[in-house]
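Visitor: I have this one open on my screen and want to talk it through. Can we start with the ligand site?

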Amino acid sequence: MRDHIFFYLNGASQKVTGPAIFETLSRYVREQKRETGTKIVCEEGDCGACTVLIGKQEGNTIRYLPVNSCIQYIFQADLTHVVTVEGLSKDGLTPVQDAMVRCHGAQCGYCTPGFIMAMHAVFEEKKTCSAAEAQRGLTGNLCRCTGYEPIIKAAMEVRDEPRIDALYPTAPILRDLSSAESAVRIGNFFKPATLAEAISFKAENPKCTIVQGATDVGVWRNKRAFESPSYLSLSAIDGLGEIALRDGALEAGGRVTLAQFEEAAATHVPEMAAILDRFGSPQIRNAGTLAGNIANASPIADTLPFLYVMNAELELTGRAGVRSVPIGSFYRGYKTLDLAQDEIITKIRIPTPRLGEILKLYKVSKRSHLDISSFTAAFLIRMAGGRIDAVRIAFGGVGPVVLRLPKTEAFLQGKSLDLAIFEGAGAIAREEIKPISDVRGSAEFRLQLGENILRKLYYALAA
Amino acid sequence: MPVLGRNVPHDSARGHVTGESLYVDDIAPVAGELLVDFLWSPFAHARIRSLDLTKARAADGVAGLFTFRDLHHNLFGPILKDEILLAEDVCTFRGQPIVVIAAENARAIREAKNAIAIDLEELAPILTIDAAIAASSFFPDPRMIRRGDPAAAIARAEHVLEGVFENQGQDHFYLESQAAIAYPGELGALTVHSSTQNPTEVQEVIAHLLGLTMSQVVVLTKRMGGAFGGKECQATHPAVMASLVAQKTGRAARIVYSKDDDMHATGKRHPFQNRYRIGFTRSGEITGAIFELYSDGGAYADLSPAVMARAMTHSDNAYFLSDVEIRGTVCRTNMPPNTAFRGFGGPQGACTIENVMQEIASVLKRDALEVRRANCYQIATRNVTPYGQLLERNTLPRLFTELPARCDYAKRMDGVREFNATSKTHIRGLALTAVKFGISFNTKFLNQANALVNIYLDGSVQVSTGATEMGQGVNTKIRQLVADELGILIDRVHVMITSTEKNNNTSATAASSAADLNGGAAVDACARLRERMTPVARNILSVAAGAPPAAETPQKSEIVFADGFVFDQANPAKKLKFEEVVSAAYKLRVSLGERGFYATPRIDWNWTTGGHPFLYFTMGTACSEVRIDRFTGEMKVLRSDLLMDIGRSINPGVDRGQITGAFIQGMGWLTTEDLRYTESGELLAHSPTTYKIPNINDVPEIFNVDWIEHDNPVNVYGSKAVGEPPLLMAISVWCAVKHALSFVSNGDIPKLRVPATTEEILMRITQYARGEAQLTS
Ligand SMILES: Cc1cc2nc3c(=O)[nH]c(=O)nc-3n(C[C@@H](O)[C@@H](O)[C@H](O)COP(=O)(O)OP(=O)(O)OC[C@H]3O[C@@H](n4cnc5c(N)ncnc54)[C@H](O)[C@@H]3O)c2cc1C
Ligand code: FES
Ligand code: FES
């Protein structure tokens, strides 16, 4: 059992142990290492100023992905190579940096290191970048000065950005990292190598918190002074990190990130991929997991309405073994789950739309990207002979949990594709939901969305 | 080759992209340095019944807790001197500091905060403009601008329009939150690094509140991570709190607001409620206009009277108003004191009349562009503003002609009508608006600046001015000006950290005019240095050439400084290196340092007789097209075309960035940035999770930015200020939304608030679909 966190930072190995492992990565680089290029603005993952690259082993390579270092515990960096703006180049400017200088992509400069890292990440995956690809890659970074246009231009001008592995050869780093023992125990932090150990730990530590991407937990830590009596990481357990299509269903392991999910959805459920494209940002999707989104139980979680209408099943593993729970009965009330003390979500099984089934997903938010939904809706419809043969509807943001709409579903059953019918269904839907008013919208707004979305659906189906 | 007019990179760009640029919180802590924070009022209005700090003082790691009793004075304020730094018996806004806490680390600060025993009695607050009007809670003095007899003109008018324009505030959302570090020095002196637009004001308030002379306080500003007006006055509070700790403990003291605390505790762009009564002809020409402006000043005056003055002097925007009355009243409420924000009241004034243009068009069923053109300021007639300033070098008519042609306005307007007639799912809107933004501080005496230019023995040059760098590129422009004035390469010029030690009694970097004023002062210093170096150069050149003494050279002879050389233009083959002349001048005991000064000429103005408050105007027109989802209210800006008159650009890259940045920032104010409060005045949107500034995906799908060639002889290099004006061009987006709504409003004038959020738009559409009566605004 290892007694410290071991990782690389800009090519140099780091060991951290004791309570310091609960510090955030951004504070570690700024305060311990005094490398202040990484900026802290919001400390909640929503501005990208703290963006760093996290390099994780993939076969015999290291893949570098951008994440928000302000909501990453140091222990999450275990066995990775973290690269900050200081580590991007050993001398001179990289083509990304040079383009940002030439195109006036930096004004006050406070957002700039974050943009540099996110933009570099785009060129880890591709050689050139279109305006749309720049926007996609930089969705997680806010700039208040430039209006973004110069930054998009800069991204489009970049050629021959050297990849990180050209600067930091992969082999010696991988050799060093993989020589470390995978299981770690530091005080109340445990990162076991097997699922059985994870389950026993969870059973023995009733208030234990699983930390995966920390895109929820990290925010609680920073904003609500959240501290858990014990922390459990699943990242050393084999077999939880895969996603694949089996018998017409996507099967995602309990550690699958939203980015992995998005990649799989792009091939198997493009409608969902389009929603995931608007889920947080690349940084959030690289860190955050599907299981985390489910376990966090927010009524506005973007994956849930989809999982509801697809009748997804959760595989929960505990001391007593494995059981399967349909997503529809997993939530017992606002943030209360059908999840025992010792249980962990180990798999999510999501049937994909079958031939003849139409999936329609909607997300309404104040801002189109990098925003939590005000309202979400999912529809799965099967048409037969010009009539609605079967329909499932789920709404989010209209109650304490995501809701199925049985009355509206029943009303639509057997009906034809007709505007008046869908308007009627909208009126019923409006009656079925009880939204509240909050910072993301008034109850009246949400009621209206609940009604209107059926009209929107009609035109989408009619088209 | 001169560098003026060239696309020189920002002088800090390299540091920004590598992460080397230092901001206040990046400065390494010194030994013994303390962290500073404050306990703030959780209520908008409350009486402090009791305050007991004993337990908090005893907490581990706490170095001190301080209240108003520890200050020499507690009263300050840029205009009215009505503001209290640390609450005494009554708290007047939520977020107002009560106790300053100094501790070894963040944990100790948290513990101290929890250990403070405070008993507060909540009092009834005033939280809105309506409530303030009902309670007659106003700041002195209501103001008025008047010309002709608008009431009579409206009574005679063919058409009369009445309405209310309302806008919410806007958070500055500079990425770097408020920050300062204070270092104690000898004999009570203090050195303070502050993220401020106004080092002199920070210096003055620190000195006053801590009982020091201004000469004992040095304030330094290297750069800000954004400011936008939010650090013009409100950077003072953290700087004083850190200074108080440094003074009391003799230790360095650092304060850095969290983004949430910053948003809770600092003032914002002013909400306005503007009532209007407009008389107009059947061709849309305004014959009489009465505007009654109310702003929410918050708990203290701060800059609110000046913001109101600018709102009033921009209520005409690009349009001539023959008979007009504009009244302005600042409401006193229990909100954090609202403050400067890029545009400084101008956007609220201009948006009101652009809204009127849109509504006149609705009433007359005419194209709003025709209405705007019918009212646009002209060249030879209809060219005097309501406050009596003659509009010189007016390019508005030209901008109103060129932009529609460039952006294919007429054809696209037809396209929008066609689209709306056929689409069942979306509506589109198109609007072309204008901006005329007055440049100069409305307060005459602020229009001055000084600059220090030092030439070193190797010919390199340092420039220090009172301008502060917040990303806008003022240092880059000053660098270009100095390089060209001294005829040296730009790399030889270094713009130094802004320091009250080098430049005294400076004005805030604000009103878009920092490059005008400080650039003007730097040019003045350079001119005098050149003057002193000229005879030195002439002497060497004539000796070297063996030519007759200077007095007898031909008339054409003139000493020129260019490209790092000094030469006589009568004999350009003979060149001296700049540093040779420097060295010679030094040996001849000629001073190689100079302080320049600039005071804006010509401007003069007062409330009773009006006058010439602005040196010139920056102008532009903008056209935006939007698409709205009829069912969700979601809006997308499809295309924006901006055309400006920014004079001769000193740095096209920097200026272009100011335009795109201001436009998108303005768009945020008008669309997604939604400051929601609870009924008791608690801000719900206090971080980027809940407060949505524009994202990279919100940039218009097609975004064309351009300017016309036009000299501005009254300003340095013929340039024009560009920081604020383009923010007002985003009004085109909001007007396009309003235009789109006119297709579903059943012939009524569509009403729309600022911001036009998804929710606001959907609720309007719904209201019209149901055929409900109009909401009041
Ligand atoms: C800036 C930002 C933007 C966001 N945008 C969106 C958005 O657009 N849409 C949206 O829906 N969400 C959004 N989120 C929230 C989303 O990122 C999270 O809900 C994410 O999916 C959680 O995954 P995680 O791995 O980070 O979970 P963590 O934060 O690590 O954990 C979250 C919770 O899940 C529990 N948990 C995690 N894994 C398991 C498991 N296998 N078994 C049992 N319990 C488990 C944890 O104990 C914890 O209680 C956003 C968050 C941020 C910070
Ligand atoms: S500081 Fe804003 S995302 Fe990390
Ligand atoms: S350059 Fe200032 S926030 Fe982006």
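Visitor: What classes of residue make up the shell around ligand 1?
Guide: The shell around ligand 1 has 15 nonpolar, 12 polar and four charged residues. Ala, Val, Leu, Ile, Met, Phe, Trp, Tyr, Cys and Pro count as nonpolar, Asp, Glu, Lys and Arg as charged, and the others, Gly among them, as polar. This is a predicted model, where local features need pLDDT of at least 70 and side-chain atom pairs count only at pLDDT 80 or more, while totals for chains, interfaces and linings use all residues. Residues are numbered from 1 along each chain as its sequence is written, with chains lettered from A and ligands numbered from 1 in the order in which they are written.

Visitor: Which residues come nearest to ligand 1?
Guide: A:Gln212, A:Gly213, A:Gly280, A:Gly292 and A:Asn293, out of 31 residues around the ligand. A residue is near a molecule if its C-beta atom, placed from the backbone, lies within 6 Å of it.

Visitor: Which element gives the most to that shell?
Guide: H13(A), with five residues. Helix H13 covers 290–296, and strand E8 (209–211) and helix H12 (282–287) of chain A are among the others that supply at least two residues each. Helices (H or I, at least four residues) and strands (E, at least two) are DSSP runs, numbered from the N terminus.

Visitor: And which domains does the shell draw on?
Guide: Domain 1 (5–87 + 166–233) and domain 3 (243–351) of chain A each provide at least three residues. Domain bounds come from an automatic or database domain assignment. For chain A that assignment also gives domain 2 (95–161) and domain 4 (357–462).

Visitor: How far apart are the centres of domain 3 and domain 4 of chain A?
Guide: 21 Å, taken over C-alpha atoms. The contact pairs 21 residues of domain 3 of chain A with 25 residues of domain 4 of chain A; two residues are in contact if their C-beta atoms, placed from the backbone, lie within 7 Å.

Visitor: What gives the most on the domain 3 side?
Guide: H14(A), with five residues. That side of domain 3 of chain A divides into 14 nonpolar, four polar and three charged residues.

Visitor: Switching to helix H17 of chain A. Why does its end-to-end distance agree with its residue count?
Guide: Its 20 residues (443–462) should span 28 Å at 1.5 Å a residue, and the end C-alpha atoms are 29 Å apart, so the two agree. The expected span is 1.5 Å times one less than the number of residues.

Visitor: Where does H17(A) bend?
Guide: At A:Glu451, by about 30 degrees. The bend is the angle between axes fitted to the seven residues ending there and the seven starting there.

Visitor: Is A:Glu451 buried or exposed?
Guide: A:Glu451 is buried, and the buried residues of H17(A) also include A:Phe445, A:Leu449 and A:Tyr458. Buried means 20 or more other C-beta atoms within 10 Å of the residue's own, with C-beta atoms placed from the backbone.

Visitor: What covers those buried residues?
Guide: The cover includes strands E17 (357–364), E18 (375–384) and E19 (387–396) and helix H16 (419–432) of chain A, together with H19 of chain B.

Terms used: Buried ≥ 20, exposed ≤ 12 C-beta atoms within 10 Å, placed from the backbone.
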